[in-house]
Each structure stands twice: as structure tokens, then as C-alpha cells.
Amino acid sequence: MTPECAALLPGVCAALADPRQPGLDDTCLEKLLDWFRSLTWFDPTVELVQDNPCLTEFITSVLALPDPSPSILSFTLQLAGILASSESRFQHLQQEKLLGRLFGQEGPRGGAAWEDAAVRSAWLKGVHSMVHHQPALHFLCSTGGMDVIFTLQGDPSLFVASAASQLLVHMLTFSLESEISKAVSTKDCDWPACAQMIVKHIQESLQSGSACHIEQSLKLLSSLFGSCFGSCYAAWTEVLWLDIAKQIESFLLEETVQAQPVLASLLLNVARSPVFCGTEGSFWPLLTSALEHLTPVQAGPLAVGLLKLCKCPQDVRIQALTVLLQPLDCILRAASQPLECAGLLDESVSDPVTVQSLLSSKTSCAGLLCQTLAHLEKLLSLKHLRVDLPCVPLLRSLLTILQICNGFLSPTSPLGSTISRNLINCFRVQKSALDVLAALSDKKDCDTLLGSIFDVLLAYLQSPNTNPTVLKKTFQATSKWLVHLQELSSSNNQWQQTEKILEDVFVVLQKRLCSPCWEVRDSSLEFLTAMVKCLKDQKEFRQCLLSSEVLRLTENLLEDPESYVRASAVTAVGHLALVTCFAPESPAIGNEYNKQSIVAKLQEILSTDSEGFPRRAVISIFTKWLREGCTGQLEDTEQFVSKVIQTVEHDLDWEVRLGGLELVEVFCSQTICQLAQCPYAPVSSAATSSTPQKELLQVFCRARVFGFLFGSLCDCDKPVGQRACDVLVGLRGHFYPMSTLENPQEIEDSPAGRGIAWLQRTLRQGSLAQNFTMDGGLGVDFQDPESMMLALGAIDLLELHDELNKSSDHVEESPQSLLQDILAAVGTIEDNEVDCY
């Protein structure tokens with residue numbers, strides 16, 4: 001603790017303990033506790049309390065109050081716990097007889113203050129902070145604290161109940177730390193006193209017959225096995241599991257027990273423990289039983305968790321996959337006509353009637369399907385899935401679901417008809433099914449169903465009843481399958497099928513680009529951009545694109561009344577230009593879509609659009625064009641960059657200005673690569689080493705790069721200043737590779753030097769520099785190469801870099817400032833003494 005903080009602390013403690021003072025907001029008290037946590041973490045000695053007696057005086061004063069406010073009592077409990085986290089300070093507070101009055105039987109846990117959930121929560125937090133040494137553990141066990149924690153497990157406040165459970169996990173784990181070296185097998189395990197109390201409580205609760213107590217203990221066990229306990233304390237993990245395994249098995253078989261979801265979570269956390277790596281023993285058969293007896297909704301999360309485990313036995317893995325696929329199998333069978341394709345599964349894990357009843361119910365059908373589909377999408381995203389998915393039947397089931405949802409398929413079986421009524425126009429299921437359909441596009445054995453897949457996708461794209469959000473998902477799935485189709489066509493010459501599908505897609509796209517719904521127009525443009533990115537090199541795609549009305553319609557949307565659509569149109573036009581304007585083999589497609597026209601339109605949007613989204617999109621596209629070398633020869637690029645800089649440097653949107661800096665960075669990098677001499681190239685006798693540098697500086701000055709960069713250093717939005725500084729530091733590294741920087745003292749007498757000195761002083765003011773001008777009116781000519789070379793060498797850019805990267809609260813949120821603010825809030829110091837923030 002600094003002397004300044006030590007001097008302020010007594011006043012703060014006195015103010016906090018004074019009931020006449022107005023209460024501080026909880027944020028200040030939390031910050032104060034954070035400060036004490038950091039102090040005690042780095043300094044475990046008793047001197048922290050002995051040298052600051054105001055701390056114990058504060059606790060004593062609060063305990064003496066007849067009716068302390070809940071916030072101050074909560075603060076006191078947490079502070080005492082933090083201070084007592086080291087054994088030496090714990091003993092000191094015990095000698096002062098303070099801990100028993102806070103955490104013992106004579107503490108607040110028996111009074112009226114205990115009715116406040118904040119006080120109960122603070123008591124638990126204080127105990128949690130304190131229990132980091134054996135004396136604290138013994139104190140808690142001997143003063144009835146364990147029973148309080150057990151009771152708080154069932155607290156009506158979820159925050160309190162959760163804190164109690166976390167505390168018990170911590171205490172059990174901590175109590176075993178000193179025993180960890182002693183136990184080498186389950187025979188050597190002898191629970192320490194505190195751990196024994198917790199384990200006994202768990203066992204009694206599981207056998208109590210009380211649904212509430214059973215659920216509390218199952219949640220505690222799930223947290224325990226899910227923590228480091230399950231991986232670091234192998235012998236005790238096994239002992240604990242053997243003690244409760246029979247009881248857990250009985251819960252799975254009892255239909256009256258309501259804690260099945262918690263059971264599934266518990267079993268999955270146990271399965272993740274390295275104790276059960278082997279396939280022998282009774283644990284994996286218990287999981288098989290769980291998959292069989294839990295309802296499909298409860299078994300789903302357990303099944304997907306098991307499929308992600310490396311060590312899960314193959315038979316359990318197959319059973320878990322069967323549980324996941326059962327609802328889709330049921331739908332496929334219910335919708336299939338006699339003698340059509342078989343279902344997904346050869347046999348079920350649990351009774352099919354259970355799944356059928358859930359799918360027959362309006363309230364549970366969509367929920368079960370959405371959960372199942374979400375799990376499958378998660379599995380399909382894994383790089384290595386250790387079980388084979390039946391992709392073709394799975395695809396058939398997805399297509400069946402999508403057809404039922406949109407009314408394209410009406411099953412004739414009684415179950416199929418019921419499911420159809422439940423799913424018609426169900427957007428949730430449609431979105432989930434389309435996500436899985438998109439994920440399956442990476443699988444190579446689905447080619448036989450390509451025709452059916454595009455039939456369904458095109459039907460969704462064409463239908464006027466398709467919800468805008470579902471349409472967006474359909475576009476995303478379609479772009480994925482189009483990529484797959486192109487890869488397939490390249491390998492087996494199925495160009496005719498590809499061309500027909502692309503033609504159909506472009507017909508639909510033209511219609512959707514004219515939709516009265518702005519979300520649909522926006523999704524259509526995003527889809528078009530995605531297609532161009534993936535398929536622009538394919539001849540069939542370019543032919544379909546150029547023979548359609550899509551180019552004209554997309555350009556029209558640059559003037560859309562909705563700013564999101566204008567932004568998406570800018571992005572689409574920018575990517576289309578790579579096919580129509582900038583590609584080497586670009587066809588002549590009329591004057592209305594030539595390069596100059598597109599550039600001019602986008603520059604107009606950048607300078608005049610009233611919304612930020614389209615302007616950000618333009619600067620992003622310009623940067624992409626520059627990266628891909630689409631802006632012509634160096635002279636053309638100079639003019640292009642100069643015009644963009646002059647537009648964006650005055651833009652009110654900081655993200656547009658930041659985009660301008662990215663464009664400048666790309667321009668500088670490319671120009672250096674073009675003009676700077678390769679170190680391995682032969683040098684002619686006429687060439688001098690300074691020629692490339694001079695030419696580079698001239699290019700950057702003509703493009704107005706330096707004025708933009710130095711001006712951005714004073715930008716009121718810090719990310720802009722930081723990016724500008726990064727670019728300037730990089731440029732200085734090129735022009736001064738050996739750190740042979742200019743001496744500011746030597747150059748200040750020259751006219752240019754005086755301007756550079758002014759620039760240095762101005763930059764130090766940062767965003768407060770109101771008088772920064774780009775035109776060199778104060779003696780700095782940003783278009784003069786020599787002056788800019790001087791500026792790069794003389795200005796301390798690294799110092800500016802450090803200043804810009806400092807957190808804005810590096811001074812304001814110091815402990816001293818916090819203490820001053822607290823004193824100011826209670827009115828004990830003058831305003832001019834405080835550093836408020």
C-alpha cells in the first residue's frame with residue numbers, strides 16, 4: 001500500500017462506518033474490494049492489518065451498529081473474508097474476536113439482516129475468500145458454518161444457491177489438497193473431516209426422498225465432477241462415485257424422480273473424468289441405461305457430449321448417435337410411402353412410442369426437433385467425428401422436414417399428418433434444418449441427392465410464404481451447395497446440370513432483388529456477394545451472371561432508401577466489379593457498367609451518403625480493390641488514394657476514417673514493394689541509394705498521405721490515432737532502418753524545423769489539439785518530401801505510440817483516486833482535492 005493510500009484509508013473507513021453518511025453506490029464498494037483482493041494477493045503478511053488499524057476499527061464499528069445497512073454489512077463481510085485469506089491475518093482477526101461475530105453463531109446469520117439476499121451472498125463470498133488455509137476450514141466446521149452452507153444450497157435466490165454450491169466444491173477440493181500425496185488407491189482414501197461432512201451430506205440428501213434435496217445434491221455433484229476435482233483427485237473421485245453410483249442408477253429407473261436433466265449433466269461430467277478411461281467396470285453400462293431411460297429431450301445433451309469424447313467406447317457412441325437420430329428417423333418413416341426408402345436407423349435405443357408422442361404434441365414437436373438439429377450441426381462442425389453419420393438418409397429426413405414445414409409434402413399416415421400439422425410454417429424448425437443442410441454440403445457421399453436438394457432450396461427461394469429470416473438461411477445453404485456442385489462438375493463434367501441450376505437461381509435472385517421487404521433485398525445482395533466470392537472463376541457462373549438482369553438491379557440498389565441495403569449493394573457491386581470491370585477477360589457489357597461509372601458512383605456514396613454503413617462499405621471495397629491491384633498504374637492509384645483521403649479525413653464516422661487508414665497502409669506497403677529496390681538486384685552505376693526513397697516520398701506526398709496520417713494522430717477517437725501511429729512507425733522503420741533519427745535540437749532553427757517542432761508539440765496535446773490544420777498554414781508542408789523526411793526522423797513516434805496505447809483509466813482508476821472519490825462523495829474533502837472520473 002502506498003503512503004498516499006495509507007493516509008486516505010482511515011478517513012474512508014470512518015466515513016463508511018458512519019450511519020449518518022449517505023450510502024455509496026455498490027460500484028465504488030466493489031472497486032474497493034477489488035483493491036483489497038489485489039493487496040492481499042501480493043502481500044500475505046499480517047502487517048497489512050497491523051499497520052492499518054483503521055481496518056479492524058471499521059469492522060468493530062460496523063458490528064457495533066444496531067442496524068447497519070445491508071450494503072455496508074455485505075461489504076464488511078466480504079472485506080473480513082479477504083483480509084482473513086492468509087493464516088497470519090486470520091489469527092490476528094481471531095485474536096481481535098471479530099471473525100466469530102461475522103461468520104460464527106453470534107454473527108448476522110441469526111438476525112433480521114439475514115433476510116436480505118445480498119447479506120447471505122456476502123457471507124458466502126467472505127467465507128469463500130477466507131477458506132485458503134486449514135485454520136479457516138476448522139473454524140467453519142466447528143462453528144456450525146457447514147450447516148448454514150448446506151441450507152443456503154436451497155436458497156430462494158439463485159445467486160445465493162449458486163454461491164453456496166461453488167463454495168462447497170471449493171471446500172471439498174481444498175480439504176483434500178493436503179491429502180493428495182497420501183492416497184494412491186481407493187483403499188488408502190480416508191476423507192478429511194470437512195470433506196467427510198460434505199460427502200455425508202450428499203449421501204443423506206440423495207437418500208432423503210425429498211425432490212428438492214436430491215436435485216441440490218445432484219447439482220453439487222455435477223459441479224464437483226465438472227471442476228478440477230474430477231481430473232486432479234482420481235482416487236477420491238472413484239471413491240465418491242462408488243458411494244453414489246447405485247443411488248444414481250436407481251434414479252434413472254424411477255419415473256417419479258424429477259431431476260433427470262441434472263442427472264444427464266452429472267453423468268456427462270463424470271464421463272469426462274480420466275478415472276473412467278477404461279471400458280471395463282459398471283460406469284459405461286450405466287450410461288447406456290441413461291440413454292435408454294432418459295427422455296429424448298433429456299438424453300440429447302448427454303448423447304452429443306458423449307460423441308465428442310475421445311475415450312467413449314464405440315458401442316456407447318453408436319447408441320448416443322442413435323438417440324440423436326431417432327426423431328429424424330421417426331419423421332422419415334412417418335412421411336414415406338410404402339416400399340419407399342427405409343428410415344435412418346435399424347433399431348431404436350428407447351421405445352419409439354416416446355418419440356412419436358413428443359412429435360405428435362404441438363407443444364413439444366418443434367422443441368425436440370430444434371434441439372436435435374442443433375446437436376447435429378454441432379457434430380458436423382467437428383473435424384474428427386469418431387462415428388459415421390448416415391448422411392444420405394439424414395439428408396432425406398432434412399428434406400422431408402423442410403417440405404413438410406412449407407406445405408410441399410402432406411404425409412398420408414396418421415402420425416405423418418399430425419406431425420405435418422405441427423410443423424407447417426414453423427420457422428424455428430426451418431432455420432435449424434437449413435443450418436444442418438448447409439453443414440452437410442461438405443460431405444462427399446451426398447451427390448445422389450443433389451437434384452432433390454436444389455429442388456427444395458429453389459422451392460423455398462421461390463415461395464412468397466418463405467419468412468425473411470428463413471430465406472436468409474436458404475440463401476446461405478444454397479451458396480454452400482452451389483460450391484459443392486461446382487467442385488463436383490469440375491471432376492465429372494456435369495456442366496449441363498450446373499448451368500440449369502445456376503439459371504434457376506439467377507431467375508429467383510432477380511425477383512428477390514426487387515422485393516418490397518428490405519430484409520429480403522439485403523439477404524439477396526449478401527447471397528450474391530457470397531456467390532461471387534466463391535464462383536467468380538467459373539465460366540458457367542460468369543455466363544449466367546452476365547446474361548441476367550442482376551448487374552443492373554444491384555446497381556439500382558445503390559440508391560435504396562434503406563441504409564443496410566445500400567451498404568450490401570456497395571459490397572455486391574464492389575465484388576461484381578472484379579468479374580465485370582477488373583478481370584483481364586472482362587467482356588464489353590455496355591457503358592452503364594464500366595469501370596469509371598462504378599468508381600464514380602461509389603465515390604459519390606462515400607462523400608454524400610447520410611448513413612455510416614454504406615460509407616464504411618465503400619472504403620472497405622476500395623481497400624479490397626487496392627489489395628487486388630485493380631486501381632491501375634501507380635499514377636492512377638495515387639490520384640485514387642488522394643481523392644479518397646480528402647473525402648474520408650473529414651468523415652464524422654470514426655470507422656470510415658479508420659478504413660481510410662487501412663487503405664493508406666495498403667497503398668504505402670504496395671508502393672514500397674513497387675519502388676524500393678530489391679536488395680539482391682544488380683545496381684547500376686548511375687543509380688544512387690537515395691533515389692527510391694525520394695521517389696517514394698514524392699508519391700506519398702502527392703497522394704496526401706502524410707497530412708492524413710499526422711492529422712489522424714490527434715483524432716478524438718483513439719483507435720484512429722492508434723492505427724495512424726502504427727502506419728507512421730512502419731514508414732519510419734523503412735526510411736530510417738538503422739534508427740539514425742534526426743536531432744530535434746539541431747533542426748529547430750531552420751524554417752522547416754520550426755514547423756516540425758510545432759507539430760511535435762501539437763501531437764503531444766492529442767485530441768485536445770484544436771488548431772491542427774492539414775494545409776501547412778502553421779509552417780508544416782505535408783506535401784514537401786524533405787519536410788516529411790525530417791518529421792519522420794525527428795518526432796518521437798514511439799512515445800506517442802505508448803501514450804495512445806495507454807488505457808484511459810490508467811490514472812483515473814488508481815486506488816488513490818478511488819479513495820479520494822469516496823471521500824468526496826461523503827463530503828469530507830474539498831472538490832479541488834479530488835480526482836473524480
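Residues 24 or more positions apart account for 70% of the contacts in the chain with a separation of 6 or more; a contact means heavy atoms within 4.5 Å. The model is predicted: local features need pLDDT of at least 70, side-chain atom pairs count only at pLDDT 80 or more, and totals for chains, interfaces and linings use all residues. Residues are numbered from 1 along each chain as its sequence is written, and side-chain values use heavy atoms, with hydrogens and water left out.

The chain has 43 helices and 0 strands. Both are DSSP runs, numbered from the N terminus (helices H or I, at least four residues; strands E, at least two). Of the 837 residues in the chain, 52% are buried, that is, under 20% relative accessible area with a 1.4 Å probe and protein chains only.

The largest nonpolar core holds 278 residues. Such a core is a set of buried Ala, Val, Leu, Ile, Met, Phe, Trp, Tyr and Cys residues joined through side-chain atoms within 4.5 Å. W241, L306, W625, F700 and F710 touch the most other members. Helix α19 (residues 314–335) gives the most to this core, with 11 residues.

Helix α4 spans residues 54–64. Its buried residues are C54, L55, T56, F58, I59 and V62. They pack against α1 (3–17), α2 (26–42), α3 (47–50), α5 (70–83), α6 (87–95) and α7 (99–103).

C54 counts as buried, at 10% relative accessibility. A search of the whole structure finds 0 disulfides, defined as pairs of cysteine sulfur atoms within 2.5 Å. The closest cysteine sulfur to that of C54 belongs to C13; at 4.0 Å, it is too far for a bond. C426 is in no disulfide either, and the nearest cysteine sulfur, that of C405, is 5.8 Å away. C426 is buried too, at 13% relative accessibility.

Note on methods: Buried means under 20% relative accessible area, exposed over 50%, partly exposed in between (1.4 Å probe, protein chains only).
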